[in-house]
Amino acid sequence: MSRDGRGRRRVVVKIGSSSLTEADGSLALSRMRQMVSEVARLGRETGCQFVLVSSGAIAAGLGRLGWQRAHISMPEKQAAAAVGQVLLMEHYERLFAEHGIAVGQILMTRADVEDRKRFVNIRNTVMALLQRGVMPIINENDTVAVEEIRFGDNDTLAALVALVAEADTLVLLTDIDGLYTANPRQDPTATRIAEVEVITDEIERIAGGAGSSAGTGGMRTKIAAAKIATQSGVEVVIAHRDEPRVLERVLGGEPVGTRFLASREPVSLRKSWLLHAPKPEGTLQVDHGAMRALIAGGKSLLLPGLVQVHGEFQEGAVVELVGPTGAAFGKGISNFSSRDLAEWLAKKRAGEDVHALHEVVHRNDMVIWTEATAG
Ligand SMILES: Nc1ncnc2c1ncn2[C@@H]1O[C@H](COP(=O)(O)OP(=O)(O)O)[C@@H](O)[C@H]1O
Ligand SMILES: N[C@@H](CCC(=O)OP(=O)(O)O)C(=O)O
């Protein structure tokens, strides 16, 4: 049963570049076929809904064009992705069609996730596809994403897709059967960790980088993704792509890979988005009393508690909330532009009358670090 009582589970499966490419750079077609047929079978037998996050566009493009990864520039990588994405989808279309399933492609950038309206639009599209039994296949839009705003790795993208799709499970399929106490490529004595209840600093410390030239991010980005997803109530499993019946076993709760338990007190979807997706456009500094009211009292931020405004932003922008010492304690959506707020602050300082009940950030549009990391 799903967490919101839909009656059916919704699962995001991410398959990494290292699993979609052979050593010679060509696409690992037999593995793709195997994964597609397990997804199709489980969907049919259990009613489970799947969303696929598939890497491999750059790797497939390099193979098709005969280019070597070591010698190419960023625009050439993007060109390779443009070529490879077509190939990837051509194969997915054919492989899912063998099971009578149509596929739909969604290419996303970080900017699409940061913008609340686009985030909601993507969610509506994903839901519409799922309702009609179409398989959403998602990748980063590598051809338009410049370096500074790229996800780069698809693990973080997959965690955000799990939020978008309101999934209850995220499965990260990779070239190793879970998180080890150290990178086994460097430390052969390392052992697999079967279950992680809370992602501690120690867990983050043991996660190393990518294991092959095809992979990006390694365990480090998988743990970061697991943190985003588990805080939002999504269970995460890192498992080996070649484990027989891997998805069936993961979803059946069998001890495969590393399972990261979902938080028992997950933050809402809106707050998860606020917490993880957008970069703040400005800062609101509040006084001690307001900080206490927000942290402990669960209150909205009213004008009298505001001390300083930093940055230039419009009404509806995401802002960071900082206390008297300048330390950040949360994020929120400002109901006013920085200009309006600065004008009010000037009037307040001059002793003029300002409407004290102006709600600068509403409680529902605010996330406080303590509540986000609890549970
Ligand atoms: N503590 C660890 N436990 C397991 N694997 C690790 C660890 N630290 C780093 N790695 C590396 O992470 C790699 C998987 O990530 P990556 O290469 O990015 O694959 P993918 O393309 O599937 O995302 C493994 O092959 C392994 O070498
Ligand atoms: N979007 C890129 C994938 C980036 C990547 O390699 O990520 P990952 O699968 O996490 O190692 C592509 O399709 O080539």
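User: Which residue in β15 is the bridge partner of Lys-331?

Analyst: This is a predicted model. In it, Lys-331 has Val-367 in β15 as its bridge partner.

User: How do you know that β13 and β15 pair?

Analyst: Two strands pair if DSSP finds at least two bridges between them. β13 and β15 (residues 366-368) have 3 bridges, so they pair. Their sense is antiparallel.

User: What makes strand β12 a partner of strand β13?

Analyst: The cut-off is at least two bridges. Strand β12 (residues 318-322) and strand β13 (residues 328-333) are joined by 5 bridges, so they pair. They run antiparallel. Val-318 stands opposite Ile-333 in β13.

User: What do β12 and β13 form, and how many residues lie between them?

Analyst: They form a hairpin, with 5 residues between the strands. In the turn, Gly-326 has a positive phi of about 95°.

User: Why does Thr-174 count as buried?

Analyst: Buried takes 20 or more other C-beta atoms within 10 Å. Thr-174 has 24, so it is buried. Its place is in strand β5 (residues 169-174). Among the residues it touches are Gly-16, Ser-18 and Ile-238.

User: Why is Asp-175 called partly exposed?

Analyst: Exposed means 12 or fewer, and buried means 20 or more. Asp-175 has 16 other C-beta atoms within 10 Å, so it falls in between. Asp-175 lies in the loop between β5 and β6.

User: Which UniProt annotation covers Thr-174 and Asp-175?

Analyst: The unreviewed UniProt entry annotates them under "binding site". That annotation also includes Lys-14 and Arg-220.

Methods
Residues are numbered from 1 along each chain as its sequence is written. Chains are lettered from A and ligands numbered from 1 in the order in which they are written. This is a predicted model: local features need pLDDT of at least 70, side-chain atom pairs count only at pLDDT 80 or more; totals for chains, interfaces and linings use all residues. UniProt positions are given in the numbering used here, feature names are shortened, and annotations may be inferred rather than shown by experiment. Helices (H or I, at least four residues) and strands (E, at least two) are DSSP runs, numbered from the N terminus. Two residues are in contact if their C-beta atoms, placed from the backbone, lie within 7 Å. Lists of a residue's contacts leave out its neighbours within four places in sequence.
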